[in-house]
Amino acid sequence: WRIAIADDGSALFVGDARVPRVLHIPFDASLPNLLVAEEIPTATVVADLALAAEPGDELFGVGPWSHLFVAGVDRARVDIYDLDNGSWIDVNPLDGVHGGLDLRSPVVGLSTAPDPILLQSQNDAEIRDEARVVVVTTFDGSVRMLNALTGCQAVTTDGPAAFYSQSAGTAE
């Protein structure tokens with residue numbers, strides 16, 4: 001139904017079209033004929049999914065992380081599963097609702113941006129923050145970006161955009 005592949009090709013994630021779950025299928029190069037699927041239960045049937053991961057940065061005290069973003073067919077939010085801890089992340093523990101970020105409109109699609117982007121926020125040294133993001137399109141026509149580490153909305157000065165080459169007519 002919906003598929004996401006780890007950047008290093010070490011695993012496949014498959015969203016089930018009928019059962020509320022994602023199948024995590026790790027690839028073991030030493031045993032190519034043996035595939036064992038781990039089931040990750042979801043709140044509802046999966047509409048789309050995306051995978052985001054970073055190796056970490058010792059200089060800034062950030063360890064490696066890997067998150068699976070899951071949009072349900074009957075939910076107006078994106079839930080985030082921490083693949084390292086094997087648990088769902090509560091994006092905003094103060095709102096009284098356990099789970100992901102409420103987007104106020106059903107999710108149509110998810111996609112992980114290939115590179116980190118500059119955010120509107122700055123750190124203490126007045127350097128703009130940079131983050132990996134997951135781009136979310138919703139039924140009401142909105143395009144939003146979620147910080148792939150925290151699940152919070154990512155805000156830029158320009159907003160989400162695609163850049164096109166005028167001469168070739170292709171996306172860059």
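Author: In this predicted model, Val78 is in contact with Phe69, Val70, Gly100, Leu101, Leu103, Val107, Leu110, Val136 and Leu146, leaving aside neighbours within four places in sequence. Val78 is also among the residues that touch the most other members of the largest nonpolar core, which has 17 residues. Strands S5, S6, S7, S10 and S13 each supply at least two residues of this core, and S6 gives the most, with 3. Another core, of 12 residues, lies apart from it and includes Leu68 and Val70.

S7 is largely enclosed by the rest of the structure, because 6 of its 6 residues are buried. Arg77, Asp79 and Tyr81 lie on one side, and Val78, Ile80 and Asp82 on the other. In general, side chains in a regular strand alternate between the two faces of the sheet.

Arg77 counts as buried because its relative accessible area is 15%, under the 20% cut-off. The side chain of Arg77 makes a polar contact with the side chain of Asp79, at 2.8 Å. Beyond four places in sequence, Arg77 touches residues including Val70, His98, Asp102 and Val107.

As for pairing, S7 runs antiparallel to S6 over 5 bridges, with Asp79 as the bridge partner of Val70. These two strands form a hairpin with 4 residues between them. In the hairpin of S7 and S8, Gly86 takes a positive phi near 70 degrees. With S9, the antiparallel pairing has 2 bridges, and Leu101 is the bridge partner of Val78.

Notes: Residues numbered from 1 in each chain as written. Predicted model: local features only at pLDDT ≥ 70, side-chain atom pairs only at ≥ 80, totals over all residues. Heavy atoms only, no water. Core = buried A, V, L, I, M, F, W, Y, C linked by side-chain atoms within 4.5 Å. Buried < 20%, exposed > 50% of the residue type's maximum accessible area, 1.4 Å probe, protein only. Contact = heavy atoms within 4.5 Å. Polar contact = N/O pair within 3.5 Å; in protein donor to acceptor, adjacent residues only side chain to side chain. Pairing = 2+ DSSP bridges.
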